[in-house]
Amino acid sequence: MGQYSPREFHALRWHESVPRFAAGADTPRAWLERCLETIAAREPVVRAWAALNEAGARAAADASTARWREGRPLSPIDGMPIGIKDLLETRDMPTEMGCAGYRGHFPKRDNAAVWALRQAGAVVLGKTVTTELGGSHPGPTTNPFDPARTPGGSSSGSAAAVGARMVPAAIGTQVGGSIIRPAAYCGNVALKPSQGGINRGERQATSQSTHGPHAGCIEDMWQVAIEIAMRCGGDRGMPGLMGPAVPPAAAKPERLIVMETEGWAALDAASRAAFETLLERLQAAGVTLLRRRDHPLIEAFEAGIAEGRAICGAITGWENRWGQRNLLDQDPEAISPRGKAVLARAEAMTHSDYQAALARREEAQARFIRIAPLADAVIALACPGPAPVWSGDQPGEPLDPRPTGDFVFNAPSSMLFAPAVTIPLLAVGGMPVGVQVMGQIHQDARVTGLARWMLENIDPISG
């Protein structure tokens with residue numbers, strides 16, 4: 001905890017220990033114990049975990065240690081301690097979804113991605129805190145660099161656990177901004193895959209939701225994602241995540257489109273200045289930058305995503321409404337007042353409203369495809385400045401509509417079905433502010449390589 005600097009902060013990096021496992025100089029069990037020591041020290045304040053299975057994790061780490069000793073690891077992530085967002089089912093821990101209506105819910109089965117991680121030898125250490133039902137009502141988790149601030153949401157615990165150096169990786173989910181924004185607030189690297197890139201298993205009620213890894217480095221991020229995809233593929237009817245079985249090599253972009261979104265006008269001066277300085281460093285390195293004024297297709301693209309928050313909110317609200325209504329019909333106190341307000345807005349929609357939101361999303365996707373020939377990828381802020389301070393709802397005051405931060409810079413990748421990688425290249429006011437690289441659908445490996453080049457070649461900004 002304390003002042004964050006992207007130059008000085010060193011997250012846990014599993015891939016750096018793999019040669020030591022092979023040589024017998026370290027073991028997955030010893031690695032796990034170091035993670036548990038950090039959790040014991042930091043969890044009372046960070047509160048990233050909804051449940052821990054230390055006994056099961058130790059048994060899995062011992063089995064992994066034996067495999068490494070015998071020279072037969074199941075994968076490069078065999079033995080990796082990993083957290084699972086508490087929206088995803090796990091056979092050995094409850095899945096309560098941060099929701100009173102699911103308290104005690106324990107289906108005793110694994111989500112497809114969790115199953116795949118176990119098949120790869122990963123150590124499923126615990127369930128990380130989620131906002132209520134993956135929505136806007138926050139859980140208890142605090143930002144690992146300032147406990148007065150939110151870690152973001154809805155993948156609050158996953159982002160905070162990685163940022164607090166409790167684990168090298170954790171699984172999050174995103175419908176609007178729930179992987180990229182919390183990663184950006186907590187100094188993580190994270191991948192929001194192309195839509196359908198990682199099999200969601202039972203979590204397929206909404207058309208924009210995706211699974212994706214938070215990690216301390218690009219190498220671990222990609223390895224976790226691809227190990228899952230190689231075993232359980234993508235969503236039904238989708239080709240799944242495509243790319244190499246090892247992390248993509250760094251690739252220098254020739255041209256990047258700077259995406260502003262509707263959040264640009266409200267961005268604070270310090271965050272805007274830091275981002276502009278980063279863009280100057282990219283230009284100094286020989287990268288050509290294009291903005292909305294430089295080409296009519298880019299301007300048309302920006303216009304197409306100009307109300308991204310509203311479009312995402314309408315689509316997701318409509319698609320979630322029946323499950324939430326069923327919860328409330330069973331128990332009037334199953335969902336928070338904030339969750340009830342979201343449901344009320346969804347129930348005020350008509351079918352025509354939903355169709356109109358889908359049409360706007362489809363048009364935005366078409367405009368995004370049209371800018372593909374102009375550049376290698378899109379670059380943007382991954383969050384609207386540092387994580388906001390959150391002190392809870394105040395009696396007699398209106399509910400804060402976004403207590404875990406604003407997803408204004410994340411709505412585009414979600415509604416466009418596009419892959420996005422967030423990277424920790426900025427600090428503003430001593431807090432992490434992420435930058436994202438977004439590409440065309442199924443270009444996950446390409447944007448990962450571009451993001452890796454930036455991390456390895458562009459000096460980060462601290463302020």
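Two residues are in contact when they have heavy atoms within 4.5 Å of each other. With that idea in hand, let's take a friendly walk through this structure, which is a predicted model: local features need pLDDT of at least 70, side-chain atom pairs count only at pLDDT 80 or more, and totals for chains, interfaces and linings use all residues. Residues are numbered from 1 along each chain as its sequence is written, and side-chain values use heavy atoms, with hydrogens and water left out. Helices (H or I, at least four residues) and strands (E, at least two) are DSSP runs, numbered from the N terminus.

**Helix 2 and Leu36**

- Helix 2 covers residues 28–46 and has a kink of about 40° at Ala40, shortly before the proline Pro44. The bend at a residue is the angle between axes fitted to the seven residues ending there and the seven starting there.
- Several residues of helix 2 are buried, among them Trp31, Leu32, Cys35 and Ile39. Buried means under 20% relative accessible area, exposed means over 50%, and partly exposed lies in between (1.4 Å probe, protein chains only).
- What do the buried residues of helix 2 pack against? Their partners are helix 1 (18–23), strand 1 (49–52), helix 3 (54–69), strand 2 (81–85), strand 3 (123–128) and helix 5 (156–163).
- Leu36 belongs to helix 2, and Leu36 counts as buried because its relative accessible area is 8%.
- Leaving aside neighbours within four places in sequence, Leu36 is in contact with Glu54, Arg58 and Leu125.
- Leu36 and Arg361 are 325 residues apart in sequence, and their C-alpha atoms are 44 Å apart in space.

**Strand 5 and its partners**

- Strand 5 spans residues 189–192; Val189 and Leu191 point one way, Ala190 and Lys192 point the other way, and all are buried.
- Strand 5 runs antiparallel to strand 6 (residues 210–215), and 2 bridges join them. Two strands pair if DSSP finds at least two bridges between them.
- Across this pairing, Ala190 stands opposite His214 in strand 6.
- Strand 10 (residues 420–428) is also antiparallel to strand 5, with 3 bridges joining the two.
- Here Lys192 stands opposite Ala420 in strand 10.

- Most residues other than glycine have a negative phi, and most peptide bonds are trans.
- Arg47, which follows helix 2, has a positive phi of about 55° although it is not a glycine.
- Arg47 sits in the loop between helix 2 and strand 1, and Arg47 is partly exposed because its relative accessible area is 43%.
- Arg165 has a positive phi too, near 65°. Its place is in the loop between helix 5 and strand 4 (169–174).
- A cis peptide bond, with omega about 10°, joins Gly153 and Ser154. Ser154 lies in the loop between strand 3 and helix 5.

**The second largest pocket**

- This pocket has a volume of about 350 Å³. A pocket is found on a 1 Å grid over the protein atoms alone, as an open set of points where a 1.4 Å probe fits, with protein on both sides within 12 Å along at least five of seven lines; lining residues have an atom within 4 Å of a point. Grid points are joined across faces, edges and corners, and a volume is the space filled by probe spheres set on the points.
- The second largest pocket is lined by 19 residues, and Pro6, Arg13, Gly216, Pro424 and Leu455 lie nearest its centre.
- Helix 7 (218–232), strand 10 and helix 14 (444–457) are the elements that give two or more residues to the lining. The largest share, 3 residues, comes from helix 14.
- By class, the lining has 11 nonpolar, 3 polar and 5 charged residues. Ala, Val, Leu, Ile, Met, Phe, Trp, Tyr, Cys and Pro count as nonpolar, Asp, Glu, Lys and Arg as charged, and the others, Gly among them, as polar.

- Glu16 is found in the segment before helix 1, and Glu16 is partly exposed at 48% relative accessible area.
- Glu16 and Asp220 are 204 residues apart along the chain, with their C-alpha atoms separated by 9.4 Å.
- Gln355, in helix 12 (residues 351–370), counts as partly exposed because its relative accessibility is 42%.
- From C-alpha to C-alpha, Gln355 and Ala314 are 10.0 Å apart in space and 41 residues apart in sequence.
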